[in-house]
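Hi everyone, thanks for making time. I'd like to walk you through one model today, so please have a look at the screen.

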Amino acid sequence: MKKKIVAAIIAVSVAVGITACSEASRVESNLTKEADNFNVVRQLTVINCLQGDVLFQMTGKMSITADVSDNQLEIIVENEDGNYTKHFVGLSDNVTYTIEDLNLGANDVNKYQYTLNFNPNMWLPVEVDTID
C-alpha cells in the first residue's frame with residue numbers, strides 16, 4: 001500500500017513538473033515572438049560596471065539578440081517607412097546590460113519611434129585641429 005501511495009505522489013509530482021515546465025517554455029516563446037515582431041516596448045540599459053555609471057539607454061519597440069560569438073548586442077528597430085535600422089552594442093568584461101519589457105501603455109507608443117539616451121558624463125572631450 002505504501003508503495004502505491006509513493007508511486008502516486010511521484011507520478012503527480014512529475015506531471016506537475018512537466019506541465020509547469022512546458023507552460024513556462026510556452027510563455028517564454030510567446031514573449032520572445034511578440035518582442036521580435038516589434039509589439040513590446042523595451043528599455044535597454046548599458047552599464048559600466050567599473051564606475052557604476054549608465055552608459056546609455058534605448059527605449060522603444062525593438063528586437064534584441066545577444067551575439068555571443070562577437071560579444072555584442074544586435075538591436076533592430078523598424079522605421080516608419082518600413083525599412084529597418086540595426087544598432088550594435090559592444091560588450092566587455094566591465095560592461096553589462098539589462099533589458100526590461102515595459103508593456104505599460106504599450107498601445108500608446110508609436111511603433112516606429114525609439115529613443116537613445118547617452119550619459120553625457122561618459123563622453124571624452126576631443127579637440128579638433130583644422131588645417132587652413
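Let me start with a term: buried means under 20% relative accessible area, exposed means over 50%, and partly exposed is in between, using a 1.4 Å probe and protein chains only. This is a predicted model, where local features need pLDDT of at least 70, side-chain atom pairs count only at pLDDT 80 or more, and totals for chains, interfaces and linings use all residues. Residues are numbered from 1 along each chain as its sequence is written, and side-chain values use heavy atoms, leaving out hydrogens and water.

How confident is the predictor? On pLDDT, its per-residue confidence from 0 to 100, the protein chain averages 75, and 61% of the residues score at least 70.

Now to Met62, in strand E2 (residues 53–67). Met62 is buried, at a relative accessible area of 0%. Leaving aside residues up to four places away in sequence, its contacts (heavy atoms within 4.5 Å) include Phe38, Val40 and Ile75.

Phe38 is buried too, at 7%. The whole structure holds one aromatic pair: Phe38 with Tyr84, 5.8 Å centre to centre and tilted, with 35 degrees between the planes. Phe38 lies in the loop between helix H1 (2–36) and strand E1 (41–48) and Tyr84 in strand E4, so the pair ties together parts 46 residues apart in sequence. For the cut-offs, rings of Phe, Tyr and Trp (its six-membered ring) pair if their centres lie within 6.5 Å; planes under 30 degrees apart are stacked, over 60 edge-to-face, and the rest tilted.

Methods. pLDDT is the predictor's confidence in each residue, from 0 to 100. Helices (H or I, at least four residues) and strands (E, at least two) are DSSP runs, numbered from the N terminus.
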